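Hello,

The structure is below, as promised. My notes on its salt bridges, cores and surface follow it.

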Amino acid sequence: KVRKRLFSLFTSSKSETGELPVPAVSEAEFERLRRENQILKGVIRQLESEKDRPSKIVIENFEGKPPRARVDAAWYENQNLTPPPVDTDGITMSAAELESTSLWCDELNGDDTCPIEPQISFWDAMRDRAYWLVGLLALQSCSGFILARNEALLESHPVIIYFLTMLVGAGGNAGNQASVRVIRGLALGTVNEATQSQFLWRELKMASALSFILSVAGFTRAFIFRTPFPETVAVTSALALIVFSSVCLGAVLPIFLKNLGVDPAHSSTTIQVVMDILGVLLTVVVSTAILDTPMGRMLVSAIG
């Protein structure tokens, strides 16, 4: 299939001199052909590994590089097309050769090398990151206000304080894990408008599975340390809600920031602060509902 596709690309038209002109094939087309070739190779290896198939299948190698041929400039002029870049001998240049012959940054360092971030100066990058971190620092103070308004709960159930770091940390870790996966997908192009809904649905199922697993781990930890049963139920329930919400928010936040025109990389730090606040809020709300309400006490009694 790949060989026929390449042959059709090269024999689609000929110049008057009989030479084959270089077709205007995009890098995306060759990348697609390379992927198809790799899939075909994998299928062939699997077939060859089967014992009941002694015969071998021969396939031509294809590395996904653009074709190299002599350019017929007259043909491109007759077709009102711009000829591809060529070297001194009139042979087409590969993408790597073209990149090596041109500079990809406007300003060079003292040693004639491109800077790490060619489009952003050091001071602009520092200002952007400092603004974001200072804003998150101010926002993180909200968790202190939530704890201050629930002193009565913490005084009557001090065990909750001992688990607070574990609960908030689990939420931050789970959210940051999901956020990094989305950022990587956005950078590589695997998370786009076509695959976005499928990826988010997968993360929703992942959130449900991880919340159950970590809830079991949290319950085991509380049981081993001989935590009173009502507080164990409160901690386990809060942990399940925190992990579930953190994974969902971690998956959505990078896409949300990208749509706002903000660098999605900021979501990895933002999710930590958001889950610090949301983790404390969910902990006190769930603990109050289970430990300090008649329905909660009735539920704990029924379970225990």
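Glu-203 and Arg-202 form a salt bridge, with their closest N and O atoms 3.9 Å apart; the term stands for a side-chain nitrogen of Lys or Arg within 4 Å of a carboxyl oxygen of Asp or Glu. This is a predicted model, in which local features need pLDDT of at least 70 and side-chain atom pairs count only at pLDDT 80 or more, while totals for chains, interfaces and linings use all residues. Residues are numbered from 1 along each chain as its sequence is written, and side-chain values use heavy atoms, leaving out hydrogens and water.

Glu-203 also forms a salt bridge with Arg-181, at 4.0 Å from N to O. Glu-203 lies in helix α9 and Arg-181 in helix α8, so this pair ties together parts 22 residues apart in sequence. Helices here are DSSP runs (H or I, at least four residues), numbered from the N terminus. Through shared partners, Arg-181, Arg-202 and Glu-203 make one network.

Glu-203 is buried, at 4% relative accessible area, whereas Arg-202 is partly exposed at 40% and Arg-181 is partly exposed at 34%. The classes are buried under 20%, exposed over 50% and partly exposed in between (1.4 Å probe, protein chains only).

The salt bridge count is three. Asp-124 and Arg-127 form one of them, at 2.7 Å from N to O. These two residues are three apart in helix α5 (residues 122–140), so about one helical turn separates them.

The largest nonpolar core has 27 residues, and Leu-167, Val-243, Val-247 and Ile-290 touch the most other members. A core is a set of buried Ala, Val, Leu, Ile, Met, Phe, Trp, Tyr and Cys residues joined through side-chain atoms within 4.5 Å. Helices α8 (159–188), α9 (196–224), α10 (229–259) and α11 (267–291) each supply at least two residues of this core, with the largest share, 10 residues, coming from α10. A second, separate core of nine residues includes Val-168, Ile-277, Val-280 and Val-284.

On the surface, Phe-219, Phe-223, Ile-224, Phe-225, Phe-229, Leu-299 and Ile-303 form a nonpolar patch with about 760 Å² of accessible area together. Patch members have over 30% relative accessible area and no salt bridge, with nonpolar side chains (Val, Leu, Ile, Met, Phe, Trp, Tyr) joined within 5 Å; areas come from the Shrake-Rupley method with a 1.4 Å probe. The largest share of the patch, three residues, comes from α9. Phe-219, in helix α9, is partly exposed at 35% relative accessibility.

Regards

Technical notes: Patch = residues over 30% accessible without salt bridge, like charges linked within 9 Å, V, L, I, M, F, W, Y side chains within 5 Å.
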